[in-house]
Amino acid sequence: PESHVPPGHGDKVTAPRGEEARGVLFAALLRACELPVEVVSSSAGPLAAEEARVSEAIEALCHHGAWRPPGTDVELVCEVLDALPRCGEWLAALDARSMRSDLDTMDRYRLGKLLAASGELEKAATCYRQVLARPEPLCFALALELAEAAAAGDRPALAYAAIDRLAAVALHEPGEHGHPDERSRAKTLGALLSRGREAALRAGSPTRAAALGRAAVNFLERAHFGSAMREAQLGAIEALCASGQPELAMGYVKRMRESAVEDQDSEDEALAILAAARQLERDNELDKALALKRRAAGILEERGEVVLAAEPRRLAAELLARRGQIEQARQEVAGAAEQLETGDHASDPVRRRLALQLRMAEVGYALRLGKPASVLKRADQIRRGYEDLGDKKGAAAALVVLAQALLLVGDGARAWKALERAADDLELCFARASSFRVRAELRYLKGDVRGARLLLHDAERTF
């Protein structure tokens, strides 16, 4: 529709004006307030009838950070707005505000957020640049918000500038060691620096991400916050590996593992081992990486954590398949699935779903081995399992695997029927692409070469 255009294309399309366009805009704002549908329907029209209401909403959102719709007791916070329908009066009011020279730092930043939500990314970037160019110090939270907004908007240069300001504020902000609030401050800064690390990675600067990740760990170590500390360490390991500093990354892995062993925390120990395995895999030390992944699974299984152990088993199977050991990969996931399907809690829906996912991986490996007969029975069991859980998409994916196996044994008629049953519930994913590929083979077998070619194009595009 004309009122919704791809982000960043605002200047190329004329935004609709008038009461109807304002009504669509205010309906979106009211929905963002999480008001009931009937309130949205009854309130959007009266608001749209007065053009001045547009400027009032922008003034409240930019200057005060929140807008309260007339006649309600809720507030819409500027920061939660994501994508707004285009409205000519709204964009004109935003442009007019951007020309003012009396806006303070937060007002200018919020104006940038509104412009970004309205699809005016270039104008939003200009607002962010103006905020960064101000001589007064930038508060930590605002520097972080700017970094995240610029990274999300694919403005790496802006993101880097904001991240550098973020680091400067975090590392030089005053704070007395041993002060009663020092622990709370360290926790806050550690958490915010972790967000900055993520923003730096999204913006494509692993070196900045590594520096922020290490700073986050240092602050959280000072504060002695275990759970937040684990997440920060894992993030630092990822950033250090991405920035080409594997030795430092392995240092954090060692510290994580020592701490987990000391605390007898099997999950943390397994996470540390998997982090080390990922680094070894990057270095092409596949035998060592496989041994560590199996070790992580073994630690969890020894302590009865078979649900958590399923993921390292799956990762080990992927590594085996990468090495061409398809049968061993199949056995790996089959064993993990069997553990989930037995025991006192085998009927738990979470365990059942996880077991079905592992069984899907098992039949996938069986197909690669050219063993369709073993797939036929298993795929139908998987389909029924997903149907029992009410998962139509999972059942449809199992039907596609069944069709692939039927095709391999030469039963094209049943393969076609299986695909027809799956068609309505397939999402845009690997299963849908696979169904196109099987259909193409069936068409080819019937002599319809052109139809087969078109379906292969569909498969390629979906993959």
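## Helix pairs and a cavity

Helix H19 passes helix H20 in a left-handed crossing (the near helix is turned anticlockwise from the far one by less than a right angle; helices are DSSP runs of H or I, at least four residues, numbered from the N terminus). The model is predicted, so local features need pLDDT of at least 70 and side-chain atom pairs pLDDT 80 or more, while totals for chains, interfaces and linings use all residues. Residues count from 1 along each chain as its sequence is written, and side-chain values use heavy atoms, leaving out hydrogens and water.

**H19 and H20**

Work out how H19 and H20 are oriented to each other, and which residues make the contact.

- Start with the ranges: H19 covers residues 392-408 and H20 covers residues 412-422.
- Next, take the geometry: they pack at about 170°, with axes 8 Å apart (axes are lines fitted to C-alpha atoms over the stretch in contact, and angles run from 0 to 180 degrees between N-to-C directions).
- The pair is therefore roughly antiparallel (an angle over 145 degrees).
- Now find the contact (heavy atoms within 4.5 Å): H19 brings Ala 396, Leu 399, Val 400, Ala 403, Leu 406 and Leu 407, and H20 brings Arg 414, Ala 415, Ala 418, Leu 419, Arg 421 and Ala 422.
- Sort these residues, and you get 10 nonpolar, no polar and 2 charged (Ala, Val, Leu, Ile, Met, Phe, Trp, Tyr, Cys and Pro are nonpolar, Asp, Glu, Lys and Arg charged, the others polar).

**H14 and H15**

- H14 spans residues 286-302, and its axis comes within 8 Å of the H15 axis, crossing at roughly 160°.
- That makes H14 roughly antiparallel to H15.
- The crossing of H14 past H15 is left-handed.
- Among the contact residues are Leu 290, Lys 293 and Glu 301 of H14, plus Pro 312, Arg 313 and Leu 319 of H15.
- The tally for this contact is 13 nonpolar, 1 polar and 5 charged.

**The second largest cavity**

Which helices each supply at least two residues of the lining of the second largest cavity?

- The helices are H15 (306-322) and H16 (326-341), with H15 giving the largest share, 3 residues.
- By type, the lining has 4 nonpolar residues, 1 polar and 1 charged.

Terms used. Angles under 35 degrees count as roughly parallel, over 145 as roughly antiparallel, 65 to 115 as roughly perpendicular and the rest as oblique.
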